[in-house]
Amino acid sequence: MRVKEPTKVLPEKAKRSKRPTIPHDEDSSDDIAVGFTCQHISHAVSVNHVKRAISENLWSVCSECLKERRFCDGQPVLPSDIWLCLKCGFQGCGKNSESQHSLKHFKSWRTELHCIIISLSTWIIWCYECDEKLSTHCNKKVLAQIVDFLQKHVSKTQTSKFSSC
């Protein structure tokens, strides 16, 4: 039997990480593939509020443009670039539109954060606070849940439109 000498200190074993380390190239913009983790998700996303708002409002229409009742040749002018607030379900036109209602919604003062939005045409998720595109693969199940719900909602609304024709 072999006895350890008390004067020798063995190096401590390194703790294993559950996730493998991924080399990060500074010039790369692959943060999305890796999954940029936004600190605002837990406070700025509410699945229940979004579900309620979706059931009570027109789908993929800027609610503010609709209120302003802007018309061109007798037809309502409704932008196609609609973003949905993942805190309350507000639908507003995007940053590239003339009115930028989605951005104005974020900037209006509230006690809660309304900084995370999703494009209803491209499914891109954006955090205004971080000024970053987010991924559903960033260890936040709530983002994947809400995207799944919204995509199912779209397929239901499209199916009902086609069946009513």
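**Labels and their grounds**

Modeller: The accessible surface of the chain comes to about 12,100 Å², and 51% of that belongs to carbon and sulfur atoms. The model is a predicted one. Its chain has 6 helices and 7 strands, in the order α-α-α-α-β-β-β-β-α-β-β-β-α along the sequence. Of the 165 residues, 33% count as buried.

Biologist: What makes alanine 44 buried or exposed?

Modeller: Buried means under 20% relative accessible area. Alanine 44 has 0%, so alanine 44 is buried. Its place is in helix H2. Leaving out residues up to four places away in sequence, alanine 44 touches Leu86, Lys87, Leu113, Cys115 and Ile116. The C-alpha atoms of alanine 44 and cysteine 88 are separated by 8.9 Å, with the two residues 44 apart along the chain.

Biologist: Why is the pair of lysine 87 and glutamate 112 called a salt bridge?

Modeller: The cut-off is a side-chain nitrogen of Lys or Arg within 4 Å of a carboxyl oxygen of Asp or Glu. The closest N and O atoms of lysine 87 and glutamate 112 are 3.8 Å apart, so the pair counts as a salt bridge. The pair links distant parts of the chain, its members being 25 residues apart. Lysine 87 is in the loop between strand S3 (82-85) and strand S4 (91-93), and glutamate 112 is in the loop between helix H5 (101-107) and strand S5 (116-119).

Biologist: How do you know which of these two is buried and which is partly exposed?

Modeller: Under 20% is buried, over 50% is exposed, and partly exposed lies in between. Lysine 87, at 11%, is therefore buried. Glutamate 112, at 45%, is therefore partly exposed.

Biologist: How many salt bridges does the structure hold?

Modeller: There are 3 salt bridges. One of them joins lysine 67 to glutamate 64, with the closest N and O atoms 3.3 Å apart. Both residues lie in helix H4 (residues 63-68), 3 residues apart, about one turn of the helix. Lysine 67 has a relative accessible area of 60%, which is over 50%, so lysine 67 is exposed.

Biologist: What makes lysine 152 and aspartate 148 a salt bridge?

Modeller: Their side chains meet at 3.2 Å, N to O, and the limit is 4 Å, so the label applies. The two residues are 4 apart in helix H6 (residues 141-163), about one helical turn. Lysine 152, at 48%, is partly exposed, and aspartate 148, at 36%, is partly exposed too.

Biologist: Why is the pair of phenylalanine 106 and tyrosine 128 called stacked?

Modeller: Ring centres must lie within 6.5 Å to pair, and planes under 30 degrees apart count as stacked. The count by this rule is 1 aromatic pair. The centres of these two rings are 4.7 Å apart and the planes are at 25°, so the pair is stacked.

Biologist: Which residues touch the most other members of the largest nonpolar core?

Modeller: Of its 32 residues, those are Leu84, Leu86, Ile116, Ile118, Ile125, Leu134 and Leu150. Among the elements that each supply at least two residues are helix H3 (47-56), S3 and S5. H6 gives the most, with 5 residues. Leaving aside neighbours within four places in sequence, leucine 84 is in contact with residues including Val50, Ile54, Phe90, Ile116, Ile118 and Leu150.

Note on methods:
Residues are numbered from 1 along each chain as its sequence is written. This is a predicted model: local features need pLDDT of at least 70, side-chain atom pairs count only at pLDDT 80 or more; totals for chains, interfaces and linings use all residues. Side-chain values use heavy atoms; hydrogens and water are left out. Buried means under 20% relative accessible area, exposed over 50%, partly exposed in between (1.4 Å probe, protein chains only). A nonpolar core is a set of buried Ala, Val, Leu, Ile, Met, Phe, Trp, Tyr and Cys residues joined through side-chain atoms within 4.5 Å. Contact means heavy atoms within 4.5 Å. Rings of Phe, Tyr and Trp (its six-membered ring) pair if their centres lie within 6.5 Å; planes under 30 degrees apart count as stacked, over 60 as edge-to-face and the rest as tilted. Accessible areas come from the Shrake-Rupley method with a 1.4 Å probe; for residues, only the protein chains shown count as cover.
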